[in-house]
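Here's a quick walk through some salt bridges, a helix and a pocket. Have the model open and follow along.

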Amino acid sequence: MKKNANFKRYTDRQISNISSAYNDTESNEQINLFEYFQIKHPEIWVNMFHVPNGGSRNIVTANRLKKEGVKPGVPDIFLECAANGFHGLRIELKKTSGSYATSSQKDWIERLNKNGYKADVCYGWIDAKEKILEYMGVE
C-alpha cells in the first residue's frame, strides 16, 4: 500500500494515459477506472472486481463457460460494499461514445435494481468513477 501513496498526486488525465498502450477503447475505460481506484482509493479498489463475461472465445471454451454458469448481460464491474440501503453496486461500463447497453444488459440492470442492488450503465471511466464515489459517499 505504501507504493500507492506516492501516486495520490496523479490527476484523472494522467491516469487516463496509463492505458494508452491498449487499443480497445472499452478495455481502456476499465483499466483507467481500476487504476484510479487502486491509486486514489485503495480502500474501495480492494472490494471491486471485473467480470470477464464478454470477448471472443473459441466455441469449446464458450460452451464450457456457459455450462459453468456464465450468462449474457451480467454487468462488468462489481463493488461488494453495502451502502445507502443497497447490497452492492453493479456497473455496465461502456466507452464514451458509440456504445449502448444490450437488451440482456438492460434486463440484468433492471433485475438487480429490483433485488436490492444499485445497478447502472456508465459511459466512460470518469462517469463510472463518479457513480462509485457517490455510492460510497466520498467527495
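Glu110 is partly exposed, with a relative accessibility of 43% (buried is under 20% relative accessible area, exposed over 50%, partly exposed in between, using a 1.4 Å probe and protein chains only). Its partner in a salt bridge is Lys114, with the closest N and O atoms 3.1 Å apart; the term calls for a side-chain nitrogen of Lys or Arg within 4 Å of a carboxyl oxygen of Asp or Glu. Lys114 itself is exposed, at 64%. Because the two are four residues apart in helix H6 (residues 103-114), about one helical turn separates Lys114 and Glu110. An α-helix has 3.6 residues a turn, so residues three or four places apart point the same way.

Keep in mind that this is a predicted model: local features need pLDDT of at least 70 and side-chain atom pairs 80 or more, while totals for chains, interfaces and linings use all residues. Residues are numbered from 1 along each chain as its sequence is written, and side-chain values use heavy atoms, leaving out hydrogens and water.

Helices (H or I, at least four residues) and strands (E, at least two) are DSSP runs, numbered from the N terminus. Asp120 is partly exposed, at 25% relative accessibility.

Arg64 pairs with Glu68, and here the closest N and O atoms are 3.6 Å apart. Both belong to helix H5 (residues 59-68), four residues apart, or about one turn, and both are exposed.

## Helix H3

## The largest pocket

H3 turns up again here, giving the largest share of the lining of the largest pocket, three residues. In total 20 residues line this pocket, and Pro52, Asn53, Gly54, Gly55 and Asp76 lie nearest its centre.

Note on methods:
1 Å grid on protein atoms, 1.4 Å probe; cavity = no way out; pocket = protein on both sides within 12 Å on 5 of 7 lines; lining within 4 Å.
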